Amino acid sequence: MTTKRYSKISIGLHWVIALLIFSAFPIGLYMHDLKLSPTKLHLYSYHKWIGITVLMLAVLRVLWRATHKPPALHLARWQEVASGIVHGFLYLLILAVPMTGWLMSSAKGVKTVWLGIFPLPDLVAKDKALGHILSNVHTALNYTLLVLVVLHIAAALKHHFVDRDDVLLRMLPGK
Amino acid sequence: MKTFNEIIILFALLLMACDASAVEYNQVQSNQSTVSFGYRQMGVPMEGKFGKFAAQVAFDPDKLANAQARIDVTLSSVDSGSSDADESVQGKLWFDTRNYPLASFVATGVKPLGGNRYQATGKLTIKGKTLDVSAPVTLAVIGNRAEFNGSFNIKRLSYGVGIGEWTDLDTVADDIQIRFHLVVLASPASPLSNPPKRK
């Protein structure tokens, strides 16, 4: 049986976004409690640049997904429903996590300048209380994303190694 | 009638004298004035300000040679634009507010640039280091209220502000823009002078 894969664009976006999230998440976790130093400010910038890159790629990914039908699954009904729900939330979070980071940055009075070159507009005015709230929202969404990503990976591995179906292969580059 | 004429002439002379001696602005309104600054951190433009400063100004547009200005900024009142940094910026590597609580600007001269624009020169002391600075100033007068707006750039490292690991200018740039907005009222009118009307 030949595997029907996702389109090359989808596969590329999936793995690039995954790689970026796997970089930004630990940086975010580590940088937060550092004492103020040039290193801390560098890490904050890198974290923000990666986050904005994820946001831009996520917009492309969601648009691409909305206009291109993914290859059919051949799973139990409940698995397809569960998979649909988790994927829906993953799409939502790869947009919402960087978005709340950007908003938080604006509220804290630190403009986001992508790659240190392209200034992004501040979508909210400087507001300490709002910055604090958005910081909590950003954190909560990140842990939600973490849980869903663990679930996502566990399911993919289970399908590949236990069920020995082509669920994971659909998202791997190949012919 | 001779006395009456004399009185008229005297009165006219007085009026002329009043007109010639233009008004002096010297009542600084601290609560309406601001001293703020801008800098770049990781390529990001940041805005900060000082909550507390004492300013003395004596400015008569017709007697620039006598103009005086002094601003003492309480550095511990800094709002760096990022609450994370407010504490650090008072430490030894930055302002070292324990040893140098104030930054002071003392004007040494004012030159007219035409219209309502002037060039102020003076000595700026930060962290025990005094350097010459020069700032274009715009004057806006409404009634007895004068607003002085100006800005100038300094290099933070020339004052030893942000040393040690912060000497690396990739993180926080050397250029700091200092901006001031001073609201100064004219001294209370003497009985014979009319309220000043200047444009």
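Where in chain B does B:Lys127 lie? Here are my notes, with that one answered in point 4.

1. Before you start: this is a predicted model, in which local features need pLDDT of at least 70 and side-chain atom pairs count only at pLDDT 80 or more, while totals for chains, interfaces and linings use all residues. Residues are numbered from 1 along each chain as its sequence is written, and chains are lettered from A and ligands numbered from 1 in the order in which they are written.

2. Let's take chain B as a whole. It has two helices and eleven strands (DSSP runs numbered from the N terminus: H or I of at least four residues for helices, E of at least two for strands). Read along the sequence, the pattern goes α-β-β-β-β-β-β-α-β-β-β-β-β.

3. How much of chain B is buried? Of its 199 residues, 27% are. Buried means that 20 or more other C-beta atoms lie within 10 Å of the residue's own; 12 or fewer makes it exposed, anything in between partly exposed, and the C-beta atoms are placed from the backbone. As for contacts (C-beta atoms, placed from the backbone, within 7 Å), take those in chain B between residues at least 6 apart in sequence: 56% of them join residues at least 24 apart.

4. Now for two loop residues. B:Lys127 sits in the loop between strand E8 (117-126) and strand E9 (129-142) of chain B. Its phi is near 55°, a positive value in a residue other than glycine. Most residues other than glycine have a negative phi. B:Lys127 counts as partly exposed because 18 other C-beta atoms are within 10 Å.

5. B:Met42 also has a positive phi, near 55°, and is not a glycine. Look for B:Met42 in the loop between strand E2 (34-41) and strand E3 (44-50) of chain B. With 20 other C-beta atoms within 10 Å, B:Met42 is buried.

6. Next, where the chains meet: 15 residues of chain B are in contact with 13 residues of chain A. On the chain B side, E3 and helix H2 (83-88) are the elements that give two or more residues. That side divides into six nonpolar, six polar and three charged residues (Ala, Val, Leu, Ile, Met, Phe, Trp, Tyr, Cys and Pro count as nonpolar; Asp, Glu, Lys and Arg as charged; the others, Gly among them, as polar).

7. Finally, hop over to chain A and find helix H1 (residues 8-31). Its buried residues are A:Leu13, A:Ile21, A:Ala24 and A:Gly28. The buried residues of H1(A) pack against helix H2 (38-67) and helix H4 (128-162) of chain A.

Key
Contact = placed C-beta atoms within 7 Å.
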